[in-house]
Amino acid sequence: MKIEKCFKIFCHNIRQDVDVKILVHLAERWCGYNIIELSECTGQKACGVERCEIIHAEEEKAADQLIADYLEQQKIRDQIRENLKYSNQ
């Protein structure tokens, strides 16, 4: 599962508009899941900030949405399994 969104925003550090691409993956593992953040900004090289607060906030929102979607998907899977269990009797 992944969320990808792009937008343009004014960066106060380099004082110009930049294109921001938020890319967050939810990778299911045998022991749970990993959240992989691959976001980028066109002004990253000029800015020099290691962890942009705007990108971090957007990644947090995307990760929360992915987790909510994942849990809803698990709930639906459980309901389907439960219905199939009783349909064969």
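Which residue is the bridge partner of Lys-5 in β2? The partner is Ile-22. The model is predicted: local features need pLDDT of at least 70 and side-chain atom pairs count only at pLDDT 80 or more, whereas totals for chains, interfaces and linings use all residues. Residues are numbered from 1 along each chain as its sequence is written, and side-chain values use heavy atoms, without hydrogens and water.

**View A. Pairing of β1 with β2.** Strand β1 (residues 2–11) and strand β2 (residues 16–29) run antiparallel and are joined by 10 bridges. Strands (E, at least two residues) and helices (H or I, at least four) are DSSP runs, numbered from the N terminus; two strands pair if DSSP finds at least two bridges between them. The hairpin of β1 and β2 has 4 residues between the strands, and Arg-15 there takes a positive phi near 55°.

View B. Strand β3 (residues 32–37) pairs with β2 in the antiparallel sense over 6 bridges, and Val-24 stands opposite Glu-37 in β3. The hairpin of β2 and β3 has 2 residues between them. Strand β4 (residues 40–41) is also antiparallel to β2, over 2 bridges; Glu-40 in β4 is the bridge partner of Lys-21.

**View C. Ile-76 in helix α2.** Helix α2 spans residues 53–87 and contains Ile-76. The relative accessible area of Ile-76 is 39%, so this residue is partly exposed (buried means under 20%, exposed over 50%, partly exposed in between; 1.4 Å probe, protein chains only).
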